[in-house]
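I opened this notebook to record what I looked up, entry by entry.

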Amino acid sequence: MLIFKNNIYDSQEIRLSGYTKSPDPDYDSWFDPAHFVETALSEEEEVFSFIEKQPQQYWNEDKDKFYPRAGQTGHLGILEKMLKILKKGFANKTVWYQMNTYHFCFLYDVLVRYAFNYNHDNREERLNSLPELKGKSIQTELFIRNYFYNTVFLLDEDKFDALSRDEKLRRGFDCPCQFGVVHGLLPTEEEMALKESRDYPYSIYV
């Protein structure tokens, strides 16, 4: 299971923890964050399949189009491996896994693109994808605010480097590997791996 800012696997726990709510109570009640992530990751395999069917000289261009942020940190093979790692971690119901900035950056590209496409689908296609939302649009910015620790990967390297250590900490920019992602460095095998958590990552509200 993947560790986000809030527990995507337990909607009731998230509601009790005081996460930011939408103006639509029905949306808050119906939205299933785990199903959203699971569906987006599952459909992402089709993106790689599509790219790899194109002439190889277009792969890099397609990679940058589909992964405008994560694509700066690796070639297509690295991103495809990242998808497999995240899918495996998501599906493991016995272990909690901590993600780093490489993982969050990749997820951001995947989830934002999936939500954009979903929000532009007709009602029938929406119901086929996420029936629990009953045709409502995904509130993407709200999801990022509730489940991502920060979006440091959206900064360009000059702005990131101009921040002092204290400024970075005040803005919550303390996720592992953020320097490498912001500067477009290739992840090592160790950095691509999920880190197993030794305890339960969330507060328990009674």
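Entry 1, helices α3 and α5. I found that α3 and α5 are roughly antiparallel to each other, a label given because angles over 145 degrees count that way, while those under 35 degrees count as roughly parallel, 65 to 115 as roughly perpendicular and the rest as oblique. I noted that helices (H or I, at least four residues) and strands (E, at least two) are DSSP runs, numbered from the N terminus. This is a predicted model, in which local features need pLDDT of at least 70 and side-chain atom pairs count only at pLDDT 80 or more, while totals for chains, interfaces and linings use all residues. Residues are numbered from 1 along each chain as its sequence is written, and side-chain values use heavy atoms, with hydrogens and water left out.

Two packed helices are described by the angle between their axes and the distance between the axes. I looked up both values: the axes of α3 and α5 come within 11 Å and cross at roughly 150°. The axes are lines fitted to C-alpha atoms, for helices over the stretch in contact, and the angles run from 0 to 180 degrees between N-to-C directions. α3 passes α5 in a left-handed crossing; a crossing is left-handed if the near helix is turned anticlockwise from the far one by less than a right angle, and right-handed if clockwise.

Next I listed the contacts (heavy atoms within 4.5 Å). On the α3 side they include Leu-41, Phe-48 and Ile-51, and on the α5 side they include Leu-79, Leu-83 and Phe-90. The residues of this contact of α3 with α5 divide into 10 nonpolar, 1 polar and 6 charged. Here Ala, Val, Leu, Ile, Met, Phe, Trp, Tyr, Cys and Pro count as nonpolar, Asp, Glu, Lys and Arg as charged, and the others, Gly among them, as polar.

The axes of α3 (residues 33-53) and α4 (residues 59-66) come within 9 Å and cross at roughly 155°. That makes α3 roughly antiparallel to α4. I wrote down that α3 passes α4 in a right-handed crossing. In this contact Val-47, Phe-50, Ile-51 and Glu-52 of α3 meet Trp-59, Asp-62, Lys-63 and Phe-66 of α4. I sorted the residues of the contact of α3 with α4 into 5 nonpolar, no polar and 3 charged.

How far apart are the axes of α6 and α8, and at what angle do they cross? They come within 10 Å and cross at roughly 155°. That makes α6 roughly antiparallel to α8, and α6 passes α8 in a right-handed crossing. Phe-104, Tyr-108, Leu-111, Val-112, Ala-115 and Asn-119 in α6 meet Thr-140, Phe-143, Ile-144 and Tyr-147 in α8. The residues of this contact divide into 8 nonpolar, 2 polar and no charged.

I checked which residues are buried (under 20% relative accessible area; exposed is over 50%, partly exposed in between, with a 1.4 Å probe and protein chains only). In α8, 6 of the 8 residues are buried, so this helix is largely enclosed by the rest of the structure. They are Thr-140, Leu-142, Phe-143, Ile-144, Asn-146 and Tyr-147. Ile-144 counts as buried because its relative accessibility is 12%. Not counting residues up to four places away in sequence, Ile-144 touches Tyr-108 and Thr-151.

A nonpolar core is a set of buried Ala, Val, Leu, Ile, Met, Phe, Trp, Tyr and Cys residues joined through side-chain atoms within 4.5 Å. The largest one has 56 residues, and those with the most contacts inside it include Phe-4, Phe-36, Tyr-67 and Phe-106. α3, α5 (76-91), α6 (101-119) and α8 (140-147) each supply at least two residues of this core. α6 gives the most, with 11 residues. A second, separate core of 6 residues includes Val-152, Phe-160, Phe-173 and Val-182.

Is Leu-107 buried or exposed? At 0% relative accessibility, Leu-107 counts as buried. This residue is found in helix α6. Leu-107 touches Phe-4, Leu-41, Leu-86, Met-99 and Phe-148, not counting residues up to four places away in sequence.
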